[in-house]
Amino acid sequence: MIYSKNIRIEELKYNIEHDINYLRLLSKSFPNAAAASTEIINLSAILNLPKGTEHFLADIHGEHEAFLHVLKNASGRISQKVNEIFGEYMPVAAKKELCTLIYYPEKKLELIKAREEDLDEWYRMTLHQLVKVFRVISSKYTRSKVRKSLPAEYSYILEELLHTRTDEANKAAYVNVIIDTIISTDSADDFITALANVIQRLAIDQLHILGDVYDRGPGAHIIMDKLSEYHSWDIQWGNHDVLWMGACAGNDACICNVIRLSLRYANLQTLEDGYGINLMPLATFAMETYGDDPCEAFYPILNPENKDRFDQKTLRLMAMMHKAVSILQFKAEAQIIQRNPSWEMNERCLLSHIDFEDGTCSLDGKKYKMLDMCFPTVSADAPNAYTEEEKTLMERLHHSFRVSEKLSRHIRTLLTHGCMYAIYNNNLLFHASIPLNEDGTLREVEIMPGVKCSGRLLLKRTGMLVRSAFAADTPAEEKRYARDYFLYLWCGRDSSLFDKSKMATFERYFLAEKETHVEEKGWYFKLRDKDEQTAERMADTVLDAFGVTDANRHIINGHVPVHVKKGETPIKANGKLMVIDGGFAEPYHKETGIAGYTLVYHSREFELVQHEPFTNVETAVEEGRDIKSTTQIVATTGHRLHVEDTDRGKELKKQIEDLRELLYAYRHGFLTESSPRHSKN
């Protein structure tokens, strides 16, 4: 449907007659030639705006304070803009304070009002500064897009301040009167807060989350609340996300894993405070069953700031609960594995490998001495069967997850905004891995009994299977399998979210030999870390398989923390592969040497932002202390990218083609124009 002066009239007539029903539908939105022409002009202008800024984050792991701060400061972009705008003539301390005001307007205003003697003058100066920042941040967007981001109560005033030139005397006076009136009507605090929030919003055009909102941090539910109201974002599900999705869907092994990990890191806030999961039945059962068991291997791993939060009695209870739910998990996993023989995971039913007489466990043809043989609920004859008490407990835990309205709402949000992979502007995004063979070719994986696929189709069908676990019209047997499959996604050998030889949870608790703890990585991980040439060949194979063909193409991953202090680099495959898991979660900081990465893709280049640990909001507000970040330019485009160079640009060009055809249809009598007043729109 491309319109051109050179196209033959007969061909265009054929196209219009062929697409006449579609054009009639389009005419409801653009009822006449003037409306179609106006929209063509509008879309053509948008194509020439600079590309919006994309932010990529991975593996947040419930660290809500650091995550929220990164959103507020746009990974340092706001600070950069403030430096560019005010340069050397504004003191460093003043620029730092202005940035903090933008990040935390309500809290910062409280401190400033208690300090400032001439508050009106401070308001006047600050409002002018914020308007300057607002103008620069909003300059790459259309008026319409900026208008939609404005709070309704201040929309008119903000638009006036944004688009009025202050280099003209009359206009400068006009702006000054607006600002003076804001102050005199006691609206300055609300106006500053609104302006700061708009700047935050416009600094990030699109947010990409490459998996793992959930895990050991205390505020995954807080992160999900923020994402639920965020203006534009997507997520590629991570292994911890699907674990919580499986728990919400009613997979008992996922439920046990979620609780076990929460107890392992002494983090019950998300479960109890966030989602109202009742853990009292587990606590009661654990005290009755493991009251005489030292449970030494099950004491929680504490962060330095958590060490004084718990007394010994609480830690002892957590250890008992931890062991109780771990045994329940091993039984639940075995039951699911045994009813899905096509997964070929029977060797992971390790309670069946225990010799209760000599206290050993058989693993890979070798016997290992067990560190702990206190199993009051495990029968040598039927090790994977629940006791009556365990069965009752599992039913109560299952019910608690299933009736949590907030958890269900958050999981629906993940389903609405995400899937297993995405392709944005020639960047292939997925959380962990693509199953490969040793030679780097795509590995075929049996996703359902008798159904094998690889690469793009594998991830697509995986996403469909996940959704079928929640769809009301899914047949019962298919839904049962889909619900079970969450466990395979969590720990299956060929899962694109795991891709290791095994998950050695049992071994780490019960066997001393380190050789049994090894989880051998799949070929995707091995090949990407081998050497640059091998990694690039592998990346090209994957990108080709997903249909990403542009010369400037990339894979962006998370999942495996990059150990910077060991010399590892997040940039691999000669720049075609970027691994942006730098360890947001505090327990990773000692391993990685940093506190997370953010990848920023604006109109000129990719920037990898390496973050140091975030202290807390109070320190940020009181001392103006930002997350210290180091920015590395990892790829440049060679020229400034505009909207026409993006996926959105391709969509707009197609819309323009359709509108040109509609315009031709109006002007040559194929369709009758309507006057604006007669249009329903």
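Colleague: Which residues does tyrosine 421 touch, not counting residues up to four places away in sequence?

Modeller: In this predicted model, local features need pLDDT of at least 70 and side-chain atom pairs pLDDT 80 or more, whereas totals for chains, interfaces and linings use all residues. Residues are numbered from 1 along each chain as its sequence is written, and side-chain values use heavy atoms, without hydrogens and water. With contact taken as heavy atoms within 4.5 Å, tyrosine 421 touches Gln236, Leu428, Leu429, Phe430, Arg456, Leu459, Lys460 and Phe546.

Colleague: Is tyrosine 421 buried or exposed?

Modeller: Tyrosine 421 is found in strand S8, residues 421-424; strands (E, at least two residues) and helices (H or I, at least four) are DSSP runs, numbered from the N terminus. Relative accessible area under 20% is called buried, over 50% exposed, and in between partly exposed (1.4 Å probe, protein chains only). Because its relative accessibility is 16%, tyrosine 421 counts as buried.

Colleague: What distance separates the C-alpha atoms of tyrosine 421 and phenylalanine 546?

Modeller: Phe546 is among the residues that tyrosine 421 touches. The two residues are 125 residues apart along the chain, and their C-alpha atoms are separated by 9.9 Å.

Colleague: How many aromatic pairs are there?

Modeller: Rings of Phe, Tyr and Trp (its six-membered ring) pair if their centres lie within 6.5 Å; planes under 30 degrees apart are stacked, over 60 edge-to-face, and the rest tilted. By this rule, the number of aromatic pairs is 23.

Colleague: What kind of aromatic pair do phenylalanine 330 and phenylalanine 506 form?

Modeller: Phenylalanine 330 lies in helix H18 (residues 312-338) and phenylalanine 506 in helix H23 (residues 505-510), so the pair links distant parts of the chain, 176 residues apart. Both phenylalanine 330 and phenylalanine 506 are buried. Their rings are 5.4 Å apart, centre to centre, with 70 degrees between the planes, and the pair is edge-to-face.

Colleague: Over which ring does the charged end of lysine 51 sit?

Modeller: A charge sits over a ring if NZ of Lys or CZ of Arg is within 6 Å of the ring centre and within 35 degrees of the ring normal. One such case is arginine 216, whose charged end sits over the ring of tyrosine 265, 4.1 Å from its centre. The charged end of lysine 51 is 4.0 Å from the centre of the ring over which it sits, that of tyrosine 601.
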